[in-house]
Amino acid sequence: MLKKALIAMLAALPLAAAAQNFQGKTVTIIVGYKAGGGYDAMARLLARHLPKHLPGKPTVIVQNMPGANSIIAANHIYNVAKPDGLTIGTFNRNLPIAQLTRVEGVKFDITKFQWIGSAANESTILAIRTDLPYKTFEELKKAKEPVAIGSTGPGANTHDFPLLLKELLGLNFKIVSGYSSSADIMLAVERKEVDGRAGSFTSLRPFIDRGLVRPLIRARASEAGIENLPVDESLAPNPRAKAIMALRSAPEEVARPYVLPPATPADIVRVVRDAFAKTIKDPELEAEGKKAKLDLEFLPGDKAQKILVDVMNQPKDVVDEFSKYIKFGE
Amino acid sequence: MTEALFEGLVLVLQWKALAFMMLGVLLGFWVGLLPGLGGATTLALMLPFIYTMQPVEAFAFLLGMHAVTATTGDITSVLFGVPGEAASAATILDGHAMAKKGEAGRALGAALAASLVGALVGAVALALAVPVVRPLVLTFGSPELFMLAIVGLAFIASLSSHGGRGMLRGFLAGALGLFFATVGQDPQAGVPRFTLDLLYLWQGLDLVPVLVGIFAIPEIIELVARGTSIAGRLPAGRLSRGAFEGVKDTFRHFWLTVRCSLIGTFIGIMPGLGGSVAQWMAYGHAAQSARTAEERKGFGAGDVRGVIGPGAANNSKEGGSLIPTIAFGVPGSTAMAILLGGFVLLGLVPGPDMLSKHLSVTYSMVWTIVIANVVTVLVCFAFLDQLAKLTTVRAGILIPIILVLVFIGSYTSNNHYGDILVTLVFGAIGYLMVLAGWPRAPFVLGLVLGKIAENYLYISVARYEAAWLTRPVVLVLIAVAVVVIIYPLFQARRKSAHA
């Protein structure tokens, strides 16, 4: 018995060692969207610099697996991909919301992925035209006329963030949804069809700099330039409202999620996680990221996982009310 | 302005920029030819290579590549009836019909010459439009964009055959297209519609698998049934002689070519209408030029005007769609969205400055489109003989090759087996439509415009309630739509009164 176990252990040893060496192998990053978007751009940037930091300098390629706002890709990584460290997944940050609100077709438990971490966070802000009389959030709150906010549709931060401001903080908003992209809303702002929009600070910054819009409020995740804006959660009238807003914001701290299949051995997870941490600090990658206006900030896997476990452990009444407002999308 | 125009040309003509442009053209040439592998995807894949280039070189590379995909996409459409690009599907209707009559050379000649004229007219229109572009784009709000979609749908009238029965079929096919456009998660309530509980359908139907199915599959079935080559049993010598004839056709219908080019440029300038609308509007307009019911029947059966119209429009729209991209940072199509990523990468800030301070850079892009098209068309003419001969290859050899292209082509849109199923299902629908004599163009028009019409109508009503109907441009567009619908009826009546 003992001998057999020993032989088994010995046999397993070189295997484990080999698994951590990626020499001559190909690592695939599966992106849950088509080529060309933000998730894809980030994955391709990482794929170029990841090989330097993985043991054995493997080839790293990007594969697009679009559909159902990334659910197809996440299902694949969770159920089909081999847990050998050669398949990495990146997908819609809002998948936790899909799981939480019991969207049909979800065949994964977001907290059980082996989390590499998040490559960036996303700071959502709301900005309105500078020619409107509202200079602060307080003034906006007292608006008599409804303020038209353009949105791309439920499930996107252009929609959900202002929706909660309207429903929970009582802002006089008229949310106009159906624009094809956030850039499209920006044009509508320019021709005064709508008065403002919510979205990532990165995408709004050029228009703020140009003096077209003024940021008035932000969600939890912050970055240089918007630290002093009021945060939606801190204005919540009651703990329930606060919990709902916090729930909406949580995925934004894990805005560019990177995961391995659930059964991936711990030593491989560690190796990949370390490689990601080093890659994101790589000066060459930083320089390219700066050029491409991709802000990177590594959040290690254990922390990402903790945030998501918190999301999943919300009491039922909070989840129920949350589901009334928020639909999974984008 | 003339100075900026000249400076722009000088920028492009530097040897490095020119070399990169040729590299781009070479890549785009193949991307356009191969169905499925679209210009947008290729642009995304090429973005990493521009990190080390100078801005003008990078644009020459990317734009050169993008500009020719529509041109060479037409070649696949004409030869095999398989859309080489989503933006070149309209060329199939008459282009491939001509190929079947043994006029592949003439069709290709016309498509290429029209592409060239389109690119040139588009560039000139653009150069002239620069001062008015900002007010023009800002005038077109959601209500106006909705009405543009309606005008587009009104073209169904000229895409259907004459008479009450023909019209009814045309509009019903259009309605079917609109219906299929609603598949997927809706953007107002976030509810999945007609998704049959399939994750694949959440994002709606992808255009490429549908177009490939509805146009290519019926052709393949027909080819199998006939068992001959595409051009039947015509003598091979006749094929290429027509190429010059096709060029002459383009100039015989010169004003039609110019008008279709302007339609393309205009649709391109309007952000939010997307890349595949222009060709169908132009095709609809070309079909309007049929003077008699007899002539009208010729459309779809190999009228060269049906090749010239979309051929011109899908090249002229490229210049147009550059405008919202660089002047507002609002891309007019997926490809432009990716190009925009390229701009940012190179440190160029899209915005009003691109139309004033950096005007020469803007013009260098226009020049790139022109030069890339000229080069491609000339190269294509050199190979035209060989290309046209493909239509004389025996069905037994050709069919497997086309099938591979068709299925790989549709599979590349999502890398999902669902793409193949969609192609097959719409192949069946397309085949039934052909058998029953229902026009396919209105169906595609409905599909392409459905989402646009729905979203902008919702926005218009949500924002302005009923007041959007009284906006002046909306009123003008309503009148245009009415005229577009009545025109063929009026034409038919006048002819029968004469007879």
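How are α13(B) and α14(B) oriented to each other, roughly parallel or roughly antiparallel? The first of the legends below, all of which concern a predicted model, takes up this question.

**View 1. Helices α13 and α14 of chain B and the residues through which they pack.** Helix α13 of chain B, residues 254-269, packs against helix α14 of chain B, residues 277-288, at an angle of about 150°, and the two axes are 9 Å apart. Because angles over 145 degrees count as roughly antiparallel, α13(B) and α14(B) are roughly antiparallel to each other. Their crossing is right-handed. On the side of α13(B), the contact is made by L256(B), R259(B), C260(B), I263(B), G264(B), I267(B) and G268(B), while α14(B) brings V277(B), A278(B), M281(B), A282(B), H285(B) and A286(B). Sorted by class, the contact of α13(B) with α14(B) has nine nonpolar, three polar and one charged residues.

**View 2. Helices α11 and α19 of chain B, a pair whose crossing is left-handed.** Residues 207-226 of chain B form helix α11 and residues 395-411 of chain B form helix α19; the two pack at an angle of about 165°, with 10 Å between their axes. That angle makes α11(B) roughly antiparallel to α19(B). From α11(B), the contact draws on V208(B), P209(B), V212(B), A216(B), I220(B), L223(B), V224(B) and R226(B), and from α19(B) on A395(B), I399(B), I402(B), L403(B), V406(B), G409(B) and S410(B). The classes represented in the contact of α11(B) with α19(B) are 12 nonpolar, two polar and one charged residues.

**View 3. The two assigned domains of chain A and the contact between them.** According to the domain assignment, domain 1 of chain A comprises 25-120 + 255-325, and domain 2 of chain A comprises 124-249. The centres of these two domains, taken over C-alpha atoms, are separated by 27 Å. Where the domains touch, nine residues of domain 1 of chain A are in contact with 10 residues of domain 2 of chain A. Helix α13 of chain A, residues 316-325, gives the most to the domain 1 side of this contact, with four residues. By class, that side of domain 1 of chain A has four nonpolar, two polar and three charged residues.

**View 4. The contact between chain B and chain A.** This contact takes 42 residues from chain B and 41 residues from chain A. On the side of chain B that touches chain A, the helices α3 (39-46), α17 (334-345) and α21 (441-464) of chain B each supply at least two residues, and α17(B) gives the most, with six residues. The residues on this side of chain B divide into 23 nonpolar, 17 polar and two charged.

**View 5. The two chains as the setting for the close-up views.** Chain B has 22 helices and two strands; its radius of gyration is 22 Å, close to the 23 Å that the globule rule gives for 499 residues, so chain B is as compact as a globular protein of that length. The C-alpha trace of chain B spans about 60 × 60 × 55 Å along its principal axes. Chain A, in turn, has 13 helices and 11 strands; the radius of gyration of chain A is 22 Å, close to the 20 Å that the globule rule gives for 330 residues, so chain A is as compact as a globular protein of that length. Taken along the principal axes, the C-alpha atoms of chain A fill a box of roughly 80 × 45 × 30 Å.

Definitions and conventions. Residues are numbered from 1 along each chain as its sequence is written. Chains are lettered from A and ligands numbered from 1 in the order in which they are written. This is a predicted model: local features need pLDDT of at least 70, side-chain atom pairs count only at pLDDT 80 or more; totals for chains, interfaces and linings use all residues. Axes are lines fitted to C-alpha atoms, for helices over the stretch in contact, and angles run from 0 to 180 degrees between N-to-C directions. Angles under 35 degrees count as roughly parallel, over 145 as roughly antiparallel, 65 to 115 as roughly perpendicular and the rest as oblique. A crossing is left-handed if the near helix is turned anticlockwise from the far one by less than a right angle, and right-handed if clockwise. Two residues are in contact if their C-beta atoms, placed from the backbone, lie within 7 Å. Ala, Val, Leu, Ile, Met, Phe, Trp, Tyr, Cys and Pro count as nonpolar, Asp, Glu, Lys and Arg as charged, and the others, Gly among them, as polar. Domain bounds come from an automatic or database domain assignment. The radius of gyration is taken over C-alpha atoms; the globule rule is 2.2 Å times the number of residues to the power 0.38.
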